[in-house]
Amino acid sequence: MADTTITAGSLPAANEAETIFGFTRPQFAAFLVMVAFIAVSPFFLFPPYLMKVLCFGLFALAFNLLIGYVGLLSFGHAAYFGMGGYIAGYTAKAWGLSPELAIILGGAVGALLGLPFGWLAIRRSGIYFAMITLALAQMVYFFCLQAPFTGGEDGIQAIPRGNLFGMFSLQSDMAMYWLVAAVFLLGFLLIHRVIHSPFGQVMKAIRENEPRAISLGYRTDDYKLIAFVLSAGLAGIAGGTKSLVFGIATLTDVHWSMSGEVVLMTLVGGLGTIFGPVVGAGVIITMQNYLAEFGAWVTVIQGAIFIACVLAFRRGVVGEIANLFRVRL
Amino acid sequence: MTLNRRTLIAGAAALPALGGLPFRSAKAQAQNVIRIGVLNDQSGLYRDLSGPGSTQAVRLAIQESGITNRGIQVEVVQADHQNRPDVGSTVARQWIDRDGVDVIVDVPTSSVALAVNTVVRERNKVYINSGAATSDLTGAQCSPNTVHWTYDTWMLAQSTGGAMVRAGGKSWFFVTADYAFGHALERDTSNFVRSQGGEILGNVRTPFPGTTDFSSFLQQAQRSRAQVIGLANAGGDTINSIKQAAEFRITRGGRTKLAGLLVFVTDVHALGLETAQGLVLSETFYWDLNDRTRNFTQRLGALPGGIRPSMVQAGCYSGVLHYLKAVADMGVQAAKASGTEAVARMKAMPTADDCFGEGSIRPDGRKLHPCYLFEVKAPSESRGAWDYYKLLGTTPADQAFRPLAEGGCALVRS
Amino acid sequence: MEDLLFELQLVLPQVILGVINGAFYALLSLGLAVIFGMLNVINFTHGAQFMMGAFVAWMLLNWLGIGYWPALLLAPLIVGAIGVVIERTMIARLYKLDHLYGLLLTFGCALVIEGLFRNEFGSSGLSYRPPPEFAALDLEIGDFFLPGYRVWVLIAATIVCVATWLVIEKTKIGSYLRAAVERPQLVQAFGINVPLMMTLTYGAGVALAGFAGVLAAPIYSVHPGMGANFIITVFAVVVIGGMGSIMGSIVTGFMLGFVQGITDVFYSEASATVVFVIMAIVLLTRPAGLFGRA
């Protein structure tokens with residue numbers, strides 16, 4: 001029955017009991033590989049590209065927290081991502097906030113926005129949930145187009161990267177990269193921690209069988225709402241980081257096609273795996289980079305990947321690898 | 001331990017997907033080569049008016065500049081920014097940092113244009129913008145590395161608003177897309193209408209995006225009995241409003257005229273003369289304007305989709321031609337070394353080409369040339385393919401654009 | 001009294017126009033409801049199929065010289081046939097899985113279809129002119145002019161909506177359909193080919209979108225993004241109406257057109273957002289939607 005839920009489901013894993021910092025041994029090994037890659041890659045790959053991958057990786061991780069562990073498909077996550085970007089960009093540029101504060105504020109506003117939206121959306125589940133989040137995100141898009149501080153269709157331009165803690169200049173791509181890497185890893189570890197906490201166990205129980213979780217006395221709506229707010233907040237942090245990296249915050253990031261893109265990244269990487277969203281973000285960003293000269297084919301190929309993933313490849317890259325080796329990643 | 005090793009292999013298998021973007025390629029080091037990047041919309045709304053046609057125009061400029069005869073090589077790369085600022089800014093960074101691109105050309109869509117403006121300035125290269133409308137490029141966000149070549153919103157508002165009143169369209173009603181761009185267009189145009197002695201009877205704000213039916217708004221405009229309905233919107237909104245104005249016979253009896261504040265020849269082509277006839281609009285280039293523009297159009301040859309060159313594509317030609325003249329004048333090494341110097345040299349030289357005639361570039365980066373007010377012909381007046389416009393009036397180059405002092409460009413004050 | 005009459009004169013035409021736009025919401029949300037009722041799939045491709053309807057009409061006219069009236073029948077059939085292929089080759093494999101996979105799959109299909117049309121036709125949009133005979137229906141009352149074609153849109157959409165409702169609620173086929181929704185195994189056991197019924201239902205729902213597309217072609221610019229403009233609003237309409245009844249989706253569609261028409265007059269800035277505001281209110285008071293079953 002593993003395939004009938006939206007997630008890859010739980011796989012029988014060896015050495016389940018042995019954990020290192022809450023990771024199973026294969027997970028820990030994969031984590032080390034990831035950290036090593038993050039540490040080495042900027043010396044031979046283009047740093048802005050890597051930063052983009054990490055920002056979207058964190059965004060996808062945040063999204064995956066909902067779909068992969070609570071079973072709720074949000075089709076409006078661009079709202080939190082984009083709003084986080086606007087807030088971080090605006091506060092960094094207009095108020096001269098230092099980058100770490102701007103990013104935290106972006107995350108906080110993302111979470112704040114997630115609170116009423118989540119409260120409305122969790123009244124329904126499944127397909128309705130997806131449609132409601134989409135419609136609410138569309139309202140955020142309208143808001144961002146109108147609000148004076150977002151700069152309308154020009155967006156917020158020339159956002160300064162500023163000095164970290166007021167001391168270290170982030171002007172060089174390398175300096176910025178280490179900040180992005182740190183934000184990403186913190187976000188990753190936070191999500192990992194949440195999933196493996198008692199709270200995370202309840203989330204998974206809701207995903208598997210909500211009525212049973214209710215009958216056990218859990219107020220599942222509260223759990224769903226907290227997960228939603230957390231996910232929105234992390235998406236806001238990812239968006240805020242991205243707007244500092246590229247110095248712009250624009251409507252693209254609140255558009256519904258961005259919501260679609262994060263679904264695609266997570267799906268390609270593997271729903272409900274902790275490493276999947278990161279790999280998925282890497283694959284999709286790389287593809288967009290190489291296909292930039294092919295125009296409309298980008299959309300066609302993204303759509304085709306969507307279809308292929310849903311039809312034949314539901315576990316995603318990481319899910320398939322995990323399945324191959326009978327481990328959980 | 002086997003588990004660990006397996007996982008490591010599994011992790012490594014995912015690496016190629018992430019890799020493949022080398023930090024710096026050897027290509028960037030070559031010295032006697034000028035690299036031009038054409039960055040525009042190859043798939044969306046602005047494909048027809050910029051897109052591959054702009055690249056073709058740039059190639060023609062290189063060929064006609066005669067620069068290759070001096071032993072200077074010129075290479076052209078192109079990319080699709082998908083109208084997304086983050087994509088545009090990433091491509092611009094990669095082009096400059098990794099591929100050694102010296103000039104970025106075209107870049108329609110204001111948000112992308114402004115993002116690229118920052119990137120080019122930080123890296124001291126050259127930016128010739130032809131496609132974007134925002135007058136901020138030579139105003140609040142002006143840069144010593146940027147020339148804004150073809151047109152801007154101030155110019156469109158002034159030409160259409162001012163010239164229209166002089167041509168007898170005294171009373172106006174605006175159908176305005178409800179966002180900053182639409183508001184600015186309406187505000188600027190209103191000022192010119194009033195300054196010429198015209199009056200504004202009212203306006204209606206249409207939600208953006210998401211309005212597909214403009215008939216209700218057009219009827220409100222019609223009831224005001226204004227002589228001119230100003231369409232302060234762009235792209236698909238403009239096309240739908242013109243189409244539905246024809247459907248509801250808003251302009252019947254010749255009492256009311258539609259004025260498009262941002263309409264291109266490619267839009268008129270898409271609408272067809274039957275629908276677009278009588279529409280008034282402003283452009284700085286029209287392929288059938290005179291012998292020189294017709295000659296240029298012929299030299300350019302067939303564009304993808306059988307279209308005739310738009311003013312944006314003509315601007316790419318003219319801008320690159322002028323840049324290469326400056327390069328020939330100051331030497332490749334110097335031009336590559338500093339974008340500011342190259343742009344300063346461009347500003348010091350008068351411009352001359354078949355598309356825009358004689359002109360100049362102001363200290364704020366604004367290229368000056370005349371602007372034309374056109375009316376779209378009725379099908380019966382059109383003598384052949386793409387015979388779309390009749391000329392109503394011309395604003396001379398020195399009056400067509402925002403006065404230098406009013407833009408708030410920091411380069412001017414210093 | 002005078003004032004009231006004047007107001008009425010001002011509002012009435014806009015309300016009529018609004019209801020006509022509502023006809024498109026009704027047709028599209030009806031198609032979605034038919035598909036959802038039978039397949040439990042939210043058809044994200046619906047907007048793209050609406051766009052295809054308009055494009056097929058354009059192609060029939062410009063490539064084959066086939067005019068509006070035949071296109072009104074042919075285009076929905078062609079779009080429906082493509083829908084059948086999509087259902088057979090792809091959607092049918094997902095029935096046993098979580099419904100969300102259907103949403104994701106159809107989203108992917110929408111991207112592919114839109115991208116292909118963009119490659120082939122660009123994005124500037126194409127023109128499709130309605131046949132001249134509609135001029136006979138032109139209405140002109142004082143200042144108010146209503147093109148005959150819009151009158152026709154209202155008539156045609158109403159006929160199709162009512163006919164669809166009659167087929168589902170009052171015919172034998174409809175009763176099989178409703179039964180198959182409730183108890184697919186049992187209906188299958190009675191010897192009715194349920195998979196075939198699902199395929200045809202999807203085809204029919206898609207054909208409705210194609211039909212709406214042909215109706216829309218002379219009004220809107222025919223371009224690859226025209227469906228995407230509609231689909232999110234239509235989703236909100238579906239949430240407001242609820243998925244409970246066919247009639248519900250029709251009524252909600254027309255009703256929201258009416259509301260938008262009024263908003264256009266009094267506060268035009270809000271006419272795109274009003275649907276979403278109503279959606280939020282409905283969710284707070286009746287989470288299952290106005291006509292939905294909890």
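Student: In what order do the five strands of the open sheet in chain B lie?

Tutor: The model is a predicted one. Its open sheet in chain B has five strands with parallel pairing. Each edge strand, β2 (73–80) and β5 (146–148) of chain B, pairs on one side only. Neighbouring strands are turned by 15° against each other on average, direction ignored. The order is β2-β1-β3-β4-β5.

Student: How many bridges join β1(B) and β2(B), and what is the bridge partner of B:V33 in β2(B)?

Tutor: β1(B) and β2(B) pair in the parallel sense, over eight bridges. For B:V33, the bridge partner in β2(B) is B:Q73.

Student: Which residue in β4(B) stands opposite B:I104?

Tutor: β3(B) is also joined to β4 of chain B, residues 126–129, by four bridges. These two strands run parallel. The residue in β4(B) opposite B:I104 is B:Y127.

Student: What is the handedness of the β-α-β unit made by β3(B), α5(B) and β4(B)?

Tutor: The helix of this unit, α5 of chain B, spans residues 110–122. Together with β3(B) and β4(B), α5(B) makes a β-α-β unit that is right-handed.

Student: At what angle does α5(B) run to β4(B)?

Tutor: Helix α5(B) lies across several strands of chain B, namely β1, β3, β4 and β5. Relative to β4(B), α5(B) runs at about 160°.

Notes: Residues numbered from 1 in each chain as written. Chains lettered and ligands numbered in written order. Predicted model: local features only at pLDDT ≥ 70, side-chain atom pairs only at ≥ 80, totals over all residues. Pairing = 2+ DSSP bridges. Right-handed = clockwise from strand over helix to strand, strands pointing away. Axes fitted to C-alpha atoms, helices over the stretch in contact; angles between N-to-C directions. Contact = placed C-beta atoms within 7 Å.
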